[in-house]
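Colleague: Please take a close look at a single part of this model, and describe in one connected account what surrounds that part and how it is joined to the rest.

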Amino acid sequence: MASPRSITLFLILLWGSTILFLSSSAELQRFTHPAKSDGSLSLLAVGDWGRRGTYNQSQVAYQMGRIGEELDIDFVISVGDNFYESGLTGVNDTAFIESFSNIYTAKSLQKQWYSVLGNHDYRGNAVAQLDPVLQILDNRWLCMRSFMVDAEFAHFFFVDTTPFVEKYWTHPKDNHYDWREVAPREEYIKGVLEDLDSALKESMATWKIVIGHHTIRSVSDHGDTIELVNLLLPVLKAYGVDLYINGHDHCLEHIRSTDSPIQFLTSGGGSKAWRGIFTPTTEKLQFFHDGQGFISLHLTKTDAEVVFYDVFGSILHRWNMNKLLHSFM
């Protein structure tokens, strides 16, 4: 009998302006999200948010709506820890409506949300967040373990990072992790890395952006995630990934790699923040805000602009890159 990773199945769905091209073969499922007619793409990224509006989640959401309208965003990325403290109990858990649908109500945020799971999501019914039933409750919601979004000149690779972290398996403390469809760990991680390697190798996009919940580099509470440094980072370096966007640490960060073009962007300020922890890094720290907020990303075929906003919608940090200029540096 063939394993699930060897079975090929293709399905094309129309989801608003998004073409969903799904494949369940041994490759990342691919979703196509066209850029605007002017050749640009804009989005917001936020993480660590789902607290029924408390800890300033509603205030961050309001500012996201305002900035989203200014930028005419195409979609939103959630970098995980979507529902606290322990994910969802099931598809009927009211936290989905109370922490998502009833919070991100601005017109500009009624776009596709591409989401990954965080460690707190795995402490509940992780499979529930992946269930298509939630898409009936709110058609913006799309959450999968690992997948990619093809936005023409930009490819976004979403990676399920929680299973990489060994202590969740060996020393879970009082937490229960939902490892259904994941265990055994080594085999699952091997598959994720192989699929990502294959997708990055095939990608001809100008911009390659990888999204995961956990930090690779961080100066805040959790610091570097050693399993990702050892296993995931070499793959990103090998294929010239431009940005790695994560949450996990409840802050905003921009760290520049010292030995590759990768920019590490933390957007974990969707609600509870202010950890009060700073640990120096050997990488090049460009910006750190120990507080709430989110980031925006504006892309064209040649230019990228990342902007960090605080809970009041004020701009804290801006980073720009031109691919043509960079290629000659």
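Modeller: I would begin with Thr266, which touches Thr215, Arg217, Asn246, Gly247, Asp249, Cys251, Leu252, Glu253 and Phe308 when residues up to four places away in sequence are left aside, contact here meaning heavy atoms within 4.5 Å. Before going further, please bear in mind that this is a predicted model, in which local features need pLDDT of at least 70 and side-chain atom pairs count only at pLDDT 80 or more, while totals for chains, interfaces and linings use all residues. Residues are numbered from 1 along each chain as its sequence is written, and side-chain values use heavy atoms, with hydrogens and water left out.

Thr266 is found in strand β13, where strands (E, at least two residues) and helices (H or I, at least four) are DSSP runs numbered from the N terminus. With a relative accessible area of 1%, Thr266 is buried; that word stands for under 20% relative accessible area, against over 50% for exposed and partly exposed in between, calculated with a 1.4 Å probe on protein chains only. The side chain of Thr266 also makes a polar contact of 3.1 Å with the side chain of Asn246, a polar contact being a pair of N or O atoms within 3.5 Å of which, within protein, one must be able to donate a hydrogen and the other to accept it, and for which residues adjacent in sequence count only if both atoms are side-chain atoms.

The strand around this residue, β13 (residues 263-267), is mostly covered, with five of its five residues buried. Strand β12 (residues 252-256), by contrast, pairs with β13 in the antiparallel sense over five bridges, with Leu252 standing opposite Ser267, and a hairpin of six residues connects β12 to β13.

A nonpolar core is a set of buried Ala, Val, Leu, Ile, Met, Phe, Trp, Tyr and Cys residues joined through side-chain atoms within 4.5 Å. The largest one has 60 residues, of which Met64, Tyr104, Leu196, Ile216, Leu236 and Tyr244 touch the most other members. Helix α7 supplies the largest share of this core, seven residues. Leu236, again without counting residues up to four places away in sequence, touches Leu196, Val210, Ile216, Val241, Tyr244 and Ile262. There is also a second, separate core of 35 residues, which includes Ala35, Val116, Ile245 and Trp319. As background, nonpolar side chains tend to be buried together in soluble globular proteins.

For comparison, strand β4 (residues 41-46) has six of its six residues buried, so this strand is largely enclosed by the rest of the structure. Leu41, Leu43 and Ala45 point one way from β4, Ser42, Leu44 and Val46 point the other way, and all are buried. Strand β15 (residues 293-299) runs antiparallel to β4 and is joined to it by five bridges, Ala45 having Ile295 as its partner there; β5 runs parallel to β4 with four bridges, and in β5 it is Ile77 that stands opposite Ala45.

In one of them, Phe75 and Tyr114 have ring centres 5.2 Å apart and planes at 80 degrees, so the pair is edge-to-face. This pair links distant parts of the chain, 39 residues apart, with Phe75 in strand β5 (residues 75-78) and Tyr114 in strand β6 (residues 112-115). Phe75 is buried at a relative accessible area of 0%, and Tyr114 is likewise buried at 0%.

Methods: Phe/Tyr/Trp six-rings, centres within 6.5 Å; stacked < 30°, edge-to-face > 60°. Pairing = 2+ DSSP bridges.
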